[in-house]
Amino acid sequence: MLLTITTTVSPATDLGFLLHKHPDRVQVFEQAFGTAHVFYPDASPDLCTAALLLDVDAVSLARTRGKSSPDFTLGQYVNDRPYAASSLLASAMAGVFRTAMRGRCDTRPDLAGAPIPLRLGLPALPCRGGPEAARRLFEPLGWTVDARPVPLDEEFAEWGDSRYVTLGLTGDVRLADALNQLYVLLPVLDDAKHYWIAPDEVDKLIRAGDGWLAAHPERSHITRRYLANRRGLVRTALSRLAEADDGPEDGLERDPIDEEPTLGAPAAAGQGSPEPGPEPEPASESDPGPGPGPELGHEPGTEAAAPPMRLAERRAQAVIEALHAERAQSVIDLGCGTGKLLTHLLRDRSLQRVAGTDVSHRAITMAARRLRPSPGDRAPRLEIFQGALTYTDERFRGYDAAVLMEVVEHVDPPRLPAVERVVFGDARPRVVIVTTPNREHNVRYEGLASGAMRHPDHRFEWTRAEFRDWAGRAAAAYGYQVRHVAVGDDDPEVGPPTQMGVFTR
């Protein structure tokens, strides 16, 4: 199976720096199921093409089969895996282009962080749904898609088309984004994976989908297929994607996650990958996702229970209620991200003045586009601007209230005192509202490894005692009082999923 990556950025041979593979050398990487070769068919200042050729060893692949996997005898050795792009190619990409997928290039950092002209080619891609399925997944990401069906046999046109397409993608895309999109969408289009889906696949999906999957119109379909319709994992992934419209570019950028736990017992700590088999479904559990799809629906003749209010909605509602209780008429959202909380604030007509700020220019641009004033709004109440919470800024001052919703956990602990000085000491609103995850509640999330945090960008997560300790010290240092509010179902053993502190001066 083959993947080609072509660019015309000047000089085009800088593609070698981005991929961390020299254009003048052929490099070989051994895989558990074969051998990956990286080489450059073209390498000139005007055009450069890198190729990843994966030579799959059918015998080695069969030997890596789990003991409980079905034995299809000859089908283990005679299949399309050596010839068609699949999860095997995605796995090879993750190993061979690991640094490039992270967007890291110390030699050309500006180039690694910017969109460049790219063309990706896959001559044989299993595509359930045909060319239209490929267009539906790639076009929303900004690609121009050339998907052509491969006939079953060119000499017998009456046999029709096969389930394979020849795929070409053209666009100005950051290379790391392009590779991560392929990593996720190759097994989605194939609707198959060569390995068992373990709970850590949720984290892989969230990492690879950072910055594009949450806003994709087909995110539910992508998530279900990527996770092989394992309902518990699908629910966990969809809830974590529910409000992550954009991935964090800095520790201070808000990347809120709607952490909706799976009901039932927590996953066993240190549990390995389970053996293949159907996943049990608690009879009382409803699907809190965005509604049943073709792969994940309710049984015919049954009625689905009304989905509970998502944690993100309950969190925003708790913030609004606190603002009402403190009779705030103006508020600034510090770390507003792409503007989800701002949307709620603008709906509240008791707030006469609303502002949002974030360190990420990209997030601010998205928020401004999302919340542009109506043509008839002569006196817009909203102001959005870029700013960093570690530096004093006169634009933060003059508001009754400031909100840091799911922000502090993105701050490196040594920088947290600077944020306290900026918010409590300099901006000094009458009310400060802070929400943050409760680390003790993490055991209630299926698919979250023991000791892991809810998002890769979280620098820390506090227990209830740790949050109360920090809040008490910050309040005493700057002349505030603080009361604590549980957000979400308050579990008698591990507390609520979100904890909120309301500071009053």
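I begin with a definition: a nonpolar surface patch is made of residues with over 30% relative accessible area and no salt bridge, in which nonpolar side chains (Val, Leu, Ile, Met, Phe, Trp, Tyr) are joined within 5 Å. Before I apply this, please note that this is a predicted model, in which local features need pLDDT of at least 70 and side-chain atom pairs count only at pLDDT 80 or more, while totals for chains, interfaces and linings use all residues. Residues are numbered from 1 along each chain as its sequence is written, and side-chain values use heavy atoms, with hydrogens and water left out.

Which residues make a nonpolar surface patch here? They are Leu152, Phe156 and Trp159, and the patch covers about 330 Å². Accessible areas come from the Shrake-Rupley method with a 1.4 Å probe, and for residues only the protein chains shown count as cover. Phenylalanine 156 sits in the loop between strand 6 (144-151) and strand 7 (161-173). Helices (H or I, at least four residues) and strands (E, at least two) are DSSP runs, numbered from the N terminus. The relative accessibility of phenylalanine 156 is 33%, so this residue counts as partly exposed. On this scale, buried means under 20% relative accessible area, exposed means over 50%, and partly exposed lies in between (1.4 Å probe, protein chains only).

Let me now describe the chain as a whole. Its secondary structure comes to 15 helices and 14 strands. Of its 505 residues, 51% are buried. The accessible surface is about 23,100 Å², and carbon and sulfur atoms account for 50% of that surface. With contact defined as heavy atoms within 4.5 Å, residues 24 or more positions apart supply 72% of the contacts that have a separation of 6 or more.

We turn to the interior. In soluble globular proteins, nonpolar side chains tend to be buried together. I use the term nonpolar core for a set of buried Ala, Val, Leu, Ile, Met, Phe, Trp, Tyr and Cys residues joined through side-chain atoms within 4.5 Å. The largest such core here has 75 residues, of which Ile5, Leu19, Leu89, Phe97, Trp143 and Val184 touch the most other members. Helix 7 (residues 175-190) gives the most to this core, contributing ten residues. Another core, of 29 residues, lies apart from it and includes Ile332, Val422, Val423 and Ala474. As for leucine 89, its partners are Met1, Leu3, Leu52, Leu54, Leu122 and Leu186, when residues up to four places away in sequence are not counted.

Next, the aromatic rings. Rings of Phe, Tyr and Trp (its six-membered ring) pair if their centres lie within 6.5 Å; planes under 30 degrees apart count as stacked, over 60 as edge-to-face and the rest as tilted. The structure holds ten aromatic pairs. One of them is the stacked pair of phenylalanine 424 and tyrosine 478, at 6.1 Å centre to centre with 20° between the planes. This pair links distant parts of the chain, with phenylalanine 424 in helix 14 (residues 416-427) and tyrosine 478 in helix 15 (residues 464-478), 54 residues apart. Is phenylalanine 424 buried or exposed? It is buried, with a relative accessible area of 2%. Phenylalanine 424 also pairs with tyrosine 480: the ring centres are 5.3 Å apart and the planes stand at 75°, so this pair is edge-to-face. Tyrosine 480 is itself buried, at 6% relative accessibility. Both pairs' residues belong to one aromatic cluster, formed by Phe424, Phe460, Trp462, Phe467, Trp470, Tyr478, Tyr480 and Phe503.

I close with the charged pairs. Side chains of opposite charge can pair when their charged atoms come close. A salt bridge is taken here as a side-chain nitrogen of Lys or Arg within 4 Å of a carboxyl oxygen of Asp or Glu, and the whole structure contains 19 of them. Lysine 204 and glutamate 201 form one, at 2.9 Å from N to O. Both lie in helix 8 (residues 201-208), three residues apart, about one turn of the helix. Lysine 204 is partly exposed at 27%, whereas glutamate 201 is buried at 1%.

Arginine 314 forms a salt bridge with aspartate 489, the closest N and O atoms being 3.1 Å apart. Arginine 314 lies in helix 11 (residues 311-325) and aspartate 489 in the loop between strand 13 and strand 14 (498-504), so this bridge ties together parts 175 residues apart in sequence. Finally, Arg444, Asp491 and Glu493 are linked in a network of salt bridges.

Notes:
Patches are made of residues with over 30% relative accessible area and no salt bridge: like charges are joined within 9 Å, nonpolar side chains (Val, Leu, Ile, Met, Phe, Trp, Tyr) within 5 Å.
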